[in-house]
Amino acid sequence: MKKNTLKASLLAIVASTALITSAVYAENGQDEAQHHMKSERLAHHGGMGQMFKGLDLTDEQKSEIKLLMKKQKSAMKANHPSKEERQAKKAEFLNLITADNFDETKAQKLMQVRQDKIKYKKLEGMKVQHKVYKLLTPKQQEQFKDNFEKGHSRKGERKAGH
C-alpha cells in the first residue's frame with residue numbers, strides 16, 4: 001500500500017513539474033513549440049515580401065509601406081508587457097497550477113486574456129495589410145491577390161506535410 005502511495009505521489013510531482021515547466025517556458029516565449037510558431041510568424045513576414053514580389057513598387061510606395069510597418073512595430077512594442085508584468089503573469093499561472101484546488105474559471109479567464117491579445121495583434125496586422133493594399137495600383141492589387149493565393153496554397157501544402 002505504501003509503495004502505491006509513493007508511486008502515485010512521485011507521478012503527481014513529475015506531472016505537475018512538467019506542467020509548470022511548460023507553462024513557464026511558454027509564457028517566456030521559449031517553449032520549442034512557441035519558438036516554432038515564432039519562426040512561422042517571421043516566415044510569414046517573409047511571405048509578405050513574397051506577396052510584393054513582381055509588383056514593381058514605386059519608391060514612394062516602398063517608403064509609405066516602410067512607414068506603415070514601422071508604425072505598426074512601434075505600436076506593438078508600446079503594447080508589449082513589461083518584464084514585471086510577464087513575471088506576474090508567470091506567477092499567476094504557477095499559483096493556479098500549484099493550488100490545492102484547480103480553479104477552472106480563473107484558468108479560463110487567463111486563457112481568454114491570452115486569446116484576446118492574439119486576436120488584437122492579428123487584427124492590427126490585417127489593418128496594416130489593408131492599408132498597404134490600398135496603396136497599390138489596380139494592376140498591382142491583382143498581382144498581390146495572385147501572390148496571396150499562391151502563398152496560402154503553399155502554406156496549406158506545408159502544413160499538410162508537417
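**View 1. Q140 in helix α6.** Q140 lies in helix α6. Helices are DSSP runs of H or I, at least four residues long, and strands are runs of E, at least two long; both are numbered from the N terminus. This is a predicted model, in which local features need pLDDT of at least 70, side-chain atom pairs count only at pLDDT 80 or more, and totals for chains, interfaces and linings use all residues. Residues are numbered from 1 along each chain as its sequence is written, and side-chain values use heavy atoms, with hydrogens and water left out. Q140 is buried, at a relative accessible area of 7%. Buried means under 20% relative accessible area, exposed means over 50%, and partly exposed falls in between (1.4 Å probe, protein chains only). The Q140 side chain reaches the backbone nitrogen of T137 at 2.8 Å. Beyond four places in sequence, Q140 contacts L55, D56, L57 and Q61. A contact means heavy atoms within 4.5 Å.

View 2. D56 sits in the loop between α2 (32–52) and α3. Is D56 buried or exposed? D56 counts as exposed, at 68% relative accessibility. Its phi is positive, about 50 degrees, although D56 is not a glycine. D56 is also one of the residues in contact with Q140.

**View 3. Helix α3 and its two sides.** Helix α3 covers residues 59–78. Its 20 residues should span 28 Å at 1.5 Å a residue. The expected span is 1.5 Å times one less than the number of residues. The end C-alpha atoms of α3 are 28 Å apart, which agrees. Which residues of α3 are buried? They are Q61, I65, L68 and Q72. Seen down the axis of α3, the buried residues fall within an arc of 60 degrees, so they line one face of the helix. That arc is taken from the directions from the helix axis to the C-beta atoms. Exposed residues lie on the other side of α3: D59, E60, K66, K70, K71, K73, K77 and A78.

**View 4. Q72 on α3.** Q72 belongs to α3. Its relative accessible area is 15%, so Q72 is buried. Which residues does Q72 touch, not counting those up to four places away in sequence? Q72 touches E124, G125 and V128.

**View 5. N147 on α6.** N147 lies in α6, which runs over residues 138–161. N147 is buried, with a relative accessible area of 10%. K53 is 94 residues from N147 along the chain. The C-alpha atoms of N147 and K53 are separated by 7.7 Å.

View 6. Along the sequence the pattern is α-α-α-α-α-α. Of its 162 residues, 16% are buried. The accessible surface comes to about 12800 Å², and 58% of that belongs to carbon and sulfur atoms. Accessible areas come from the Shrake-Rupley method with a 1.4 Å probe; for residues, only the protein chains shown count as cover. Among contacts between residues at least 6 apart in sequence, 72% join residues at least 24 apart. The average pLDDT is 76, and 62% of the residues score at least 70. pLDDT is the predictor's confidence in each residue, from 0 to 100. Over residues 27–44, pLDDT stays under 50. The model has 15 contacts beyond four places in sequence for residues 27–44.

Key:
Polar contact = N/O pair within 3.5 Å; in protein donor to acceptor, adjacent residues only side chain to side chain.
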